[in-house]
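I opened this model with my notebook beside me. Here is what I looked up, in the order I went.

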Amino acid sequence: MVMDHSTHCPGLYCGRMRINGSWGECGACPRGFRAAANSICLPCKDVPTFYDWFYLGYMVLLLLVVEWYIIDQTMKRRNFTKDVLSLHLSSLIENCLAAISTLLLTEPRGSINLHACKVKRLSDWYTMLHNPSPNYEKTLRCTQEAVYPLYSMVFIHYSLALLAMLILRPFVVSNISGGRGKKSIYLTMYLIPVLVVIQATCGGLMYYSFPYIIIILTFISVAAHLAFRLDQSMMSLFLTSIKDIRNLAILLGHWLLHAYGIIAITQLTNPVLHGSLLALVPFPTVFYILTSKFTDPSKLHPD
C-alpha cells in the first residue's frame with residue numbers, strides 16, 4: 001500500500017521512505033535513518049553530544065580495565081615485571097586499534113567524526129519492545145537502531161578488539177612474556193561475549209547510569225585494594241601507596257576513573273564549580289587511610 005505524505009504511521013518508531021516519487025509503506029527505517037515526528041525516515045546527521053562521547057569511551061574503558069584486571073590476576077605478580085607490562089601494553093594497543101578502526105568504519109567513513117541520531121528517551125534503545133499493533137491485528141515490525149550509531153558501534157568495537165587480540169596477543173605471549181599469559185587470552189574470549197550480551201540487553205540502562213556506576217565501583221574497588229594490605233596502619237598504607245609502583249599505578253587509575261565519572265555527570269556545564277569537584281577525587285583513598293586505625297581487625301578485642 002502506498003502511503004500519502006500526510007498519513008502518520010502508528011507507533012513511535014515506524015516511518016516511511018520516498019521510493020520512486022511515492023511514499024512507501026510504514027515500517028522500520030533503514031540503518032542510519034530515524035522516523036521523525038511526521039513519520040518520515042530522515043538520515044541521522046546530528047553531532048554526538050559530550051555525554052555520548054563519554055558513553056562510548058566508557059564502553060571502551062570497560063573492556064580495557066577488565067582485561068587489565070584479568071592479566072593482573074592471571075599473572076600473579078606483586079610488581080610490574082616485563083611480562084606483565086608487555087601484556088598490559090598489548091591490551092591497550094588492541095583496544096586503541098579497535099576504537100580507531102570503529103570510528104573510521106562508521107559514517108562518515110574514513111573520518112573520526114560521527115553522524116548520529118539524538119537520544120531522546122530510554123525506549124530509543126529498545127525499539128523492538130514498541131512495535132505497534134494497529135487495531136490489535138497484525139504487528140507492524142519497526143525495530144531499528146534509533147540511537148544510531150551508539151548501539152552498533154559497541155558491538156563493532158568488541159568484535160575488532162577480539163580480532164586484534166587474537167592477532168597480537170599470542171605473539172606477545174610467545175615472544176615477550178615467555179609463554180606466560182595464555183590464560184588471559186582464554187578468559188578475554190569469554191569476557192567479550194558477556195559484554196556483548198550486556199550491551200544488547202542493558203545498553204540503554206548503561207547509557208543513563210554509567211557515570212554513577214563508575215563512581216560507585218571506584219569507591220568499592222579502592223577500598224578493597226587497600227583492605228587487602230597486611231599492615232593496616234595509617235603510615236604503612238600511606239608509604240606503600242606512594243613507594244610501591246604497582247600500588248601507585250592502581251590508585252592513580254582509580255582516581256582517573258573517578259574523575260571520568262564526575263565529568264560525565266556534570267558535563268562541565270559550569271567549569272569553575274564542576275572543575276572544583278575534581279579535587280574530591282582522592283577523598284575515598286585519603287578517608288580510608290585516615291580512618292584505618294579505627295577499623296583494623298587486629299585492634300578489635302572481644303572484651
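**Aromatic pairs**

How many aromatic pairs does a search of the whole structure find? I got 13 from that search. For the record, rings of Phe, Tyr and Trp (its six-membered ring) pair if their centres lie within 6.5 Å; planes under 30 degrees apart count as stacked, over 60 as edge-to-face and the rest as tilted.

Before going on, I noted that this is a predicted model, in which local features need pLDDT of at least 70, side-chain atom pairs count only at pLDDT 80 or more, and totals for chains, interfaces and linings use all residues. Residues are numbered from 1 along each chain as its sequence is written, and side-chain values use heavy atoms, with hydrogens and water left out.

I looked up Y51 and F210, and their pair is tilted, at 5.2 Å centre to centre and 45 degrees between the planes. Y51 lies in helix α1 (residues 50-75) and F210 in helix α4, so this pair ties together parts that are 159 residues apart in sequence. Helices (H or I, at least four residues) and strands (E, at least two) are DSSP runs, numbered from the N terminus. Both Y51 and F210 are buried; buried means under 20% relative accessible area, exposed over 50%, partly exposed in between (1.4 Å probe, protein chains only).

Then I turned to W125 and Y151. Their ring centres are 6.3 Å apart and their planes are at 65 degrees, so I logged the pair as edge-to-face. W125 sits in the loop between α2 (82-105) and α3 (150-175) and Y151 in helix α3, so the pair ties together parts that are 26 residues apart in sequence. W125 is buried, with a relative accessible area of 5%, while Y151 counts as partly exposed at 22% relative accessibility.

Which residues form one aromatic cluster? I listed Y51, Y55, Y58, W125, Y151, F155, Y207, Y208 and F210.

I also found R16 over the face of W23, at 5.9 Å from the ring centre. The rule here is that NZ of Lys or CZ of Arg is within 6 Å of the ring centre and within 35 degrees of the ring normal.

**Pocket and cavity**

On a 1 Å grid over the protein atoms alone, a cavity is a set of points where a 1.4 Å probe fits but cannot get out, and a pocket is an open set with protein on both sides within 12 Å along at least five of seven lines; lining residues have an atom within 4 Å of a point. Grid points are joined across faces, edges and corners, and a volume is the space filled by probe spheres set on the points.

The largest pocket holds about 1500 Å³ of space. I counted 36 residues in its lining, of which V65, Y69, S221, I250 and H254 lie nearest the centre. Two or more lining residues come from each of α1, α2, α4, α5 (234-243) and α6, and α1 gives the most, with 10 residues.

One cavity of 30 Å³ or more turned up in the whole structure. The largest cavity has about 40 Å³ of space, and its lining is T218, F219, V222, H254, W255, H258, V281, P284 and T285. α4 (182-227), α6 (245-266) and α8 (283-295) each give two or more residues to that lining.

Most residues other than glycine have a negative phi, and most peptide bonds are trans. Where did I find cis bonds? One runs from E107 to P108, with omega near -5 degrees; another joins Y148 and P149, with omega about -5 degrees. P108 is in the loop between α2 and α3, and P149 is in the loop between α2 and α3 too.

S39 has a positive phi, near 70 degrees, without being a glycine. I placed S39 in the loop between β3 (33-35) and β4 (41-43), and S39 counts as buried at 2% relative accessibility. Q267 is not a glycine either, yet has a positive phi of about 55 degrees. Q267 lies in the loop between α6 and α7 (271-276) and counts as partly exposed at 32% relative accessibility.
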